[in-house]
Amino acid sequence: MAKDILEIMKILPHRYPFLMVDRIIELTSERVIGIKNVSINEPFFQGHFPGNPVMPGVMIVEALAQAGGILAFSLLSEPKNNSVYLMGLDKVRFRKPVRPGDQLILQLAVLKQRGAIFKMKGEALVGDQLVAEAELMATIDSGKTEAEL
């Protein structure tokens with residue numbers, strides 16, 4: 001199930017300059033594939049290697065985490081009443097620099113789910129080249145206090 005930016009903004013609470021997913025091209029109960037178009041207009045390029053702009057690795061990981069959040073939300077019966085929070089990162093590797101004009105393909109698959117905790121394997125590609133990978137753990141939080149439950 002594909003999603004455009006307007007549908008993504010209904011799911012994720014992030015907004016400019018921290019909304020890092022432009023489109024979802026595939027979404028199933030097991031995996032998500034998203035797109036992040038990397039533009040020279042991104043605010044981080046002003047200070048991250050001026051004259052030789054490279055997308056910061058933490059921003060690539062954030063893009064993976066947001067795509068993973070969309071996957072986790074899709075598995076909830078009432079996603080509007082919940083938030084997904086990143087809990088941990090393992091096996092993070094950066095393989096190639098990402099530059100303005102690149103299109104990041106964000107692929108995540110659920111490795112394990114136990115209750116409200118998800119473990120996902122994420123890969124970021126430019127074309128068919130792997131540029132970054134990580135295992136991410138996330139949790140779903142209703143935002144309700146114990147008294148409200």
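**View 1. Gly 127 sits in the loop between strand S5 (117–126) and strand S6 (129–141).** What you see here, as in every view below, comes from a predicted model. Setting aside neighbours within four places in sequence, Gly 127 is in contact with Gln 103 and Ile 105. Another residue to look for is Asp 102: 25 residues separate Asp 102 from Gly 127 along the chain, yet their C-alpha atoms are 8.5 Å apart.

**View 2. Strands S4 and S5 run antiparallel, side by side.** Strand S4 covers residues 103–114, and ten bridges join S4 to S5. For a landmark in this pair, find Gln 107, which stands opposite Glu 123 of S5. As a reminder, strands of a sheet pair through backbone hydrogen bonds, in either a parallel or an antiparallel way.

**View 3. An open sheet is built from six strands in the order S1-S2-S4-S5-S6-S3.** The pairing is antiparallel. Which strands stand at the edges? They are strand S1 (23–27) and strand S3 (83–94); each has a single partner strand, so one side of each has no neighbour in the sheet. From one strand to the next, the twist averages 25 degrees.

**View 4. Helix H2 lies across S1, S2, S3, S4, S5 and S6.** The helix runs at about 50 degrees to S4. H2 has 18 residues and reaches 26 Å from its first C-alpha to its last, close to the 26 Å expected at 1.5 Å a residue. Of those 18 residues, 14 are buried, so H2 is largely enclosed by the rest of the structure.

**View 5. Gln 66 belongs to helix H2 (residues 57–74).** Is this side chain's residue buried or exposed? Gln 66 has a relative accessible area of 3%, which is under the 20% cut-off, so Gln 66 counts as buried. A polar atom of the Gln 66 side chain lies 2.6 Å from the backbone oxygen of Phe 18. Beyond its neighbours within four places in sequence, Gln 66 is in contact with Leu 12, His 14, Phe 18, Leu 19, Met 20 and Val 21.

**View 6. Stepping back, the protein has two helices and six strands.** Along the sequence they follow the pattern α-β-β-α-β-β-β-β. The radius of gyration is 15 Å, close to the 15 Å that the globule rule gives for 149 residues, so the protein is as compact as a globular protein of that length. The C-alpha trace spans about 55 × 25 × 25 Å along its principal axes. Buried residues make up 36% of the 149 residues.

How values were computed
Residues are numbered from 1 along each chain as its sequence is written. This is a predicted model: local features need pLDDT of at least 70, side-chain atom pairs count only at pLDDT 80 or more; totals for chains, interfaces and linings use all residues. Side-chain values use heavy atoms; hydrogens and water are left out. Helices (H or I, at least four residues) and strands (E, at least two) are DSSP runs, numbered from the N terminus. Buried means under 20% relative accessible area, exposed over 50%, partly exposed in between (1.4 Å probe, protein chains only). A polar contact is a pair of N or O atoms within 3.5 Å; within protein, one must be able to donate a hydrogen and the other to accept it, and residues adjacent in sequence count only if both atoms are side-chain atoms. Contact means heavy atoms within 4.5 Å. Two strands pair if DSSP finds at least two bridges between them. Axes are lines fitted to C-alpha atoms, for helices over the stretch in contact, and angles run from 0 to 180 degrees between N-to-C directions. The expected span of a helix is 1.5 Å times one less than its number of residues. The radius of gyration is taken over C-alpha atoms; the globule rule is 2.2 Å times the number of residues to the power 0.38.
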